[in-house]
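Try each task before you read its solution.

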Amino acid sequence: MVEKNIKNNLNSNELLISNLVFSALKTSKQHLTRPANPEWIEHAGQLLFTSCLSKTFEKDRALSELVALGFKTDTIVDHCIPVAATLLGDGWVNDTLSFSECTIGTSNLQILLKFIGQNRERACDETSGNRYLICSHETEQHTLGALIIGDMLRRKGHSLKVQLSTNYDEVCRLQNNSHYEAIFFSCASYLSIRETAKCVRQVKKTLKQSVPIFLGGSNIEEISQGVDLSCFDLVTNSLSAVNDYVSNKKKRELALDAGALIQ
Amino acid sequence: MKTNSDTLLEFGSIPVIEPEYLGGVLATSSDIALLVDTNIEINSLLLNKSEKSYGNLNHWIGRKLTDFLTTESIPKLLSAITKLESGETVLYGLELNHVDNAQWQFPIRYNIHRLGNDGKIILLGRDLQTVSENQQKFVKAQIAVEQSIEEKRELDAHFKILLSKTTDSLALINAGSGEVMFSNPTFQETFFRDGDDLENISLQSLLSNRAERKGFIEKITIAAHGNYDVSEELNTNKGEIIFSINPDIYRAAGQQILICKFFPKTIRKKGEQELIDNLLSTFHNSPDAIIFTDIKGTIQYTNERLLDLTNSSHKNDVVSKNLSEFLGRGEIDLAIMLENVLKSGAVKTYSTHLKSSFGTKIDIEASVSRNTSDDNGLIAFIVREVLSTSGSSRSNSSQTTTKNKDEITAKELVGSATLKEIVTDTTDVIEKICIEAALEITNNNRAAAADLLGLSRQSLYVKLSKLEI
């Protein structure tokens, strides 16, 4: 009886540790496999690029093809759709695609993005994250980037207001009404980046309380050459950099408040 | 020159076009024709007479073509010219966007050709303004749709919060089919268990009396129109309960919707003596150990099963002893369970070991509840043995399946990431799982969790921050 109990106990511990390790491996697998392999992402982006230009594009089929390859929907949004969008842009630059084809292709990618977003269960309690205003300027016709950023931030528990095709007055009104913790602009064209910078300079001058304003976009380095971006607090495509900036700002403000109280 | 001769007309098949006619041919076969030299300087410009919208473009002559292109169009033109200079034929159409003093933009699709060996190049352009205008309208419509989806999302968030903060049981029901379209958490907790499929649930299916299900929705609809409540017995998690249903009716998207609030009236009571008898029988025959202690953990009553689990020979060996003497982590285990049960009234599951009188350990799970909030009230522990798979009820086939799945996971990982990456990531995940488990066990008491994990409090805080828990 005693021996049996001791043996059971040892087996039980081994089994528990083994289960723990495999559970950990399964979790690791989710973020180590596909995203860790850029070739797979390129391949999936190419597939998506072809299917979004197809006359018979169907969002369900496009999604199930990628899911069957082992991609999580989050990976599709974060990596595959941006790759496909870049390929569409390259197609216009190389004159292998007309701008009409690019527009239709991008529109199909947006349909897919929306489909994934709507089917994802989202916690309605977004009280723990930050509150952001995500914008694209009225001169910007490319809105896919802003919507992808929106999806990524929402998944991390941040609460957002997405305002497409916006202008100086609207940004000021929204910020004065809701006091967002940061404003994020997405840009993808030479014209809009100039206009966005102009708009942000005006916004900064007008707003009574300072708010961090960020700029992002997949080709931001290319399109921003020669443009004065000093009005932006951060020009980045890294969401963690944005979140860290906002968190640090909050901490600094808390410390200042505490200091003022002590004095 | 004829790199793709099959697509070009044979040499000599076109008669020589006399210069006075050539201009007319070019001007009418395109909307805009540009003659540029090796420096991309515009030498000549021809506009189709039917194309009035461009106005006068004579100021382009003598200027570089790139001065009148948008930034993103310039590399496209330069690339095409490089191809021509290297003797290639540019067979594809070149889409370029023109700007003129930033006043206006227009897209043109050009065919680009060399005219001879002197470097002169001709661009024959087709106006894409109509297509572009349609594209602009399409983009604007799409942005409007996206914006309305964002607004809908905002309204959805308000709707969900409103539902979740409503404390009465509330459901929105299709008055045609009786389908529960939306319901709040209170409604779901009252009528369903965790894991129940809430899709396609109808209100009538909740009725205790099956015979009354037909015509029930009509009855509720009439009550909504008549502005009175209906009393009905409904199946809930806690048995059959009579509810007062307060219905209202409205229309949305062409459907008639009933909005119903459910107020419990009475709980049907069955013979109390029967219940006591059943409880006593359960206490004595339960395969789980049922133990009652005072609030300090001293055992007052227990059934025979505890004696089996602890290898004790008589009830006197356990009664009046402190339960911590039998728990794997002794006073820590007992303190955590008592603290939580005194704070929240119940502990659903707590995993630990039970020590036998021979010193062996058995894996157990305990659930704990407090019978009254009175200090003299007893604490009830239900302790069950967690059987390891090696001698347990789990079948060999299910063990094999799990093992196979685990092996597949490992095989999928190996090769797609380095061993160092896998080990580092896996270690982090294990730390995270264990810390989360410890926090759950201790009801988020970080000091107790640090004790359980054998960490200093400072180390635990460092790990919490690192692992973003």
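**Exercise 1.** Find the contact between the side chains of A:Glu170 and A:Arg173, and describe its setting.

*Solution.* Step 1: the two side chains form a salt bridge, with N to O at 3.9 Å. The term means a side-chain nitrogen of Lys or Arg within 4 Å of a carboxyl oxygen of Asp or Glu. Step 2: both residues sit in helix α7 (residues 168–178) of chain A, 3 residues apart, so about one helical turn separates them. Helices are DSSP runs (H or I, at least four residues), numbered from the N terminus. Step 3: A:Glu170 is partly exposed at 22% relative accessible area. A:Arg173 is partly exposed too, at 44%. The cut-offs: buried is under 20%, exposed over 50%, partly exposed in between (1.4 Å probe, protein chains only).

The model is predicted: local features need pLDDT of at least 70, side-chain atom pairs pLDDT 80 or more, while totals for chains, interfaces and linings use all residues. Residues are numbered from 1 along each chain as its sequence is written, chains are lettered from A and ligands numbered from 1 in the order written, and side-chain values use heavy atoms, without hydrogens and water.

**Exercise 2.** Is B:Glu150 buried or exposed?

*Solution.* Step 1: B:Glu150 pairs with B:Arg153 in a salt bridge, closest N and O atoms 3.7 Å apart. Step 2: B:Glu150 has a relative accessible area of 8%, so the residue is buried. Step 3: B:Arg153, at 26%, is partly exposed.

**Exercise 3.** Which parts of chain B does the pair B:Lys463 and B:Glu431 tie together?

*Solution.* Step 1: their salt bridge has its closest N and O atoms 3.1 Å apart. Step 2: B:Lys463 lies in helix α12 (residues 457–466) and B:Glu431 in helix α10 (residues 419–441), so the pair ties together parts 32 residues apart in sequence.

Definitions and conventions. Helices (H or I, at least four residues) and strands (E, at least two) are DSSP runs, numbered from the N terminus.
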